[in-house]
Amino acid sequence: MNRNALITGVTGQDGAYLAKLLLDKGYKVHGLVARRSSDTSWRLRELGIAGDIEFIEGDLADACSIQRALIKSKPDEVYNLGAQSFVGTSWDQPVTTGIVDGLGVTHMLEAIRQFSPDSRFYQASTSEMFGLIQAERQDENTPFYPRSPYGVAKLYGHWITVNYRESFGLHASSGILFNHESPLRGIEFVTRKVTDAVARIKLGKQKELRLGNIDAKRDWGFAGDYVEAMWLMLQQDKADDYVVATGVTTTVRDMCKLAFEHVGLDYEDHVVVDPQFFRPAEVDILLGNPGKAQRQLGWKAKTSLVELIQMMVDADLRRVGKE
Ligand code: NAP
Ligand code: GDD
């Protein structure tokens with residue numbers, strides 16, 4: 001195929017799965033990595049692809065480094081997945097979140113506009129932009145009402161993507177992705193926090209699991225399925241915006257129940273609700289309508305929540321067992 005891709009956030013959950021997908025399709029994959037004091041490539045190593053990626057140092061907060069990355073990689077496709085992606089942290093670091101998740105997108109689009117206008121661009125937008133939901137099932141036409149500094153910053157990123165498409169004719173698409181998880185999910189997100197704890201409790205290394213609002217509902221899918229939708233968006237003749245979701249919503253409580261049941265335990269014996277994990281403002285429920293992605297991209301979520309949670313618990317049992 002001989003195509004070049006640049007992925008920001010290549011060391012994250014989605015970056016790792018997307019890099020694998022593109023490598024399997026024959027792409028040369030360049031990955032932007034921000035300078036960190038220790039190695040962040042564990043996900044790429046778990047997928048066995050760390051040696052197959054051309055790493056370029058850069059930071060979304062630093063426009064010069066983004067320009068250099070574009071010039072160096074000459075990408076046909078750019079996937080902007082880099083972000084401060086944890087909603088909870090966005091109240092503690094609202095400015096960093098705004099710079100990286102908001103202005104960082106402008107850094108990417110400006111660099112494309114100036115140095116690589118034929119590159120196709122994918123922006124990692126989010127269902128968190130729907131926040132205080134304005135429709136029972138959220139789709140591309142549902143008004144936004146973000147409820148966190150993260151959601152606000154991402155909304156800027158979304159609209160600047162739309163604006164550069166309309167202003168300069170860039171092939172820039174925004175994927176409004178609902179929550180997606182995997183064994184490579186960061187430990188701070190609720191599904192992985194639960195599956196890691198289930199493994200530890202089952203293996204006698206932990207007794208209780210402290211959580212916040214277990215009545216919150218999310219539309220959870222598998223990250224491996226969702227990166228296919230990102231790729232499909234950039235294969236369309238026309239750039240556009242798409243909701244990517246399963247169309248099923250579940251409480252944190254029921255997700256816990258599934259995880260504990262998988263190892264023969266009752267979540268009620270272990271879960272403790274702890275106010276320290278409540279958020280200053282909550283997104284109570286998200287439920288996506290992926291009809292447009294299904295019709296126009298031919299995309300559909302393949303993995304059920306039961307399969308996803310069991311896959312994650314099994315992976316954590318293996319990890320904790322080896323410790
Ligand atoms: P993740 O695991 O937290 O990965 C985030 C990536 O961004 C990491 O590679 C991180 O690098 C990188 N990064 C952070 N700050 C950066 C900076 N200043 N410059 C360059 N790179 C930076 O997130 P994810 O779950 O894969 O999500 C991927 C994208 O989709 C994010 O933009 C997220 O906001 C968005 N999204 C995610 C979901 C979801 O449910 N997963 C849903 C909708 C949208 P380090 O490894 O060095 O920290
Ligand atoms: N993290 C966490 N930890 N969340 C908890 C806990 C806990 O102990 N207890 C309850 N929750 C609730 C949160 O309050 C929230 O309502 C829900 O579980 C999901 O939280 P997260 O897994 O942290 O994800 P998120 O929905 O806030 O954000 C994720 O999805 C967005 C898409 O909607 C992230 O991946 C974002 O980057 C992404 O944009």
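The accessible surface of the protein comes to about 14000 Å². Carbon and sulfur atoms account for 48% of that surface. The model is predicted.

**Overall form**

The protein holds 11 helices and 13 strands. Its radius of gyration is 19 Å, close to the 20 Å that the globule rule gives for 323 residues, so the protein is as compact as a globular protein of that length. Along the principal axes, the C-alpha atoms fill a box of roughly 60 × 45 × 40 Å.

How much of the chain is buried? Buried residues make up 56% of the 323 residues. Contacts also reach across the sequence. Take those between residues at least 6 apart in sequence: 79% of them join residues at least 24 apart.

Charge comes next. There are 38 positive and 43 negative side chains. The centres of these two sets lie 3 Å apart.

| Helix | Residues | Length | End-to-end C-alpha distance | Expected span |
|---|---|---|---|---|
| α8 | 223-234 | 12 residues | 18 Å | 16 Å |

For α8, the reach is close to the expected value.

Start with α7. Of its 13 residues, 10 are buried, so α7 is largely enclosed by the rest of the structure. The buried residues include Thr 191, Val 194, Asp 196 and Ile 201. Both Arg 192 and Arg 200 are on the buried list too. What covers them? Among the elements over the buried residues of α7 are helices α2 (42-46), α9 (252-262) and α11 (305-322). Strands β7 (180-181) and β8 (209-211) also take part in this cover. After α7 comes Gly 204, with a positive phi near 75°.

Which residues does Arg 200 contact, leaving aside neighbours within four places in sequence? They are Lys 205, Gln 206, Val 320 and Glu 323. Leu 317 is 117 residues away from Arg 200 along the chain, yet their C-alpha atoms are separated by 7.5 Å.

Now α8. Here 11 of the 12 residues are buried, so α8 is largely enclosed by the rest of the structure. The buried set includes Tyr 226, Trp 231 and Asp 225. Met 230 and Met 233 belong to the buried set as well.

**Two single residues**

Thr 161 is found in helix α6 (residues 149-168). Is Thr 161 buried or exposed? Its relative accessibility is 0%, so Thr 161 counts as buried. Beyond residues up to four places away in sequence, Thr 161 touches Val 105, Leu 109, Phe 121, Gln 123, Ala 172, Ser 173 and Ser 174. Arg 43 is 118 residues from Thr 161 in sequence, and their C-alpha atoms are 28 Å apart in space.

Where is Lys 74? Lys 74 is in the loop between α3 (63-73) and β4 (77-80). With a relative accessible area of 60%, Lys 74 is exposed. Its backbone also calls for comment. Most residues other than glycine have a negative phi. Lys 74 has a positive phi of about 45°, although it is not a glycine.

Methods: Residues are numbered from 1 along each chain as its sequence is written. Chains are lettered from A and ligands numbered from 1 in the order in which they are written. This is a predicted model: local features need pLDDT of at least 70, side-chain atom pairs count only at pLDDT 80 or more; totals for chains, interfaces and linings use all residues. Side-chain values use heavy atoms; hydrogens and water are left out. Helices (H or I, at least four residues) and strands (E, at least two) are DSSP runs, numbered from the N terminus. The radius of gyration is taken over C-alpha atoms; the globule rule is 2.2 Å times the number of residues to the power 0.38. Buried means under 20% relative accessible area, exposed over 50%, partly exposed in between (1.4 Å probe, protein chains only). Contact means heavy atoms within 4.5 Å. Accessible areas come from the Shrake-Rupley method with a 1.4 Å probe; for residues, only the protein chains shown count as cover. Lys and Arg count as positive and Asp and Glu as negative; His and the chain ends are not counted. The place of a charge is taken as NZ of Lys, CZ of Arg, CG of Asp or CD of Glu. The expected span of a helix is 1.5 Å times one less than its number of residues.
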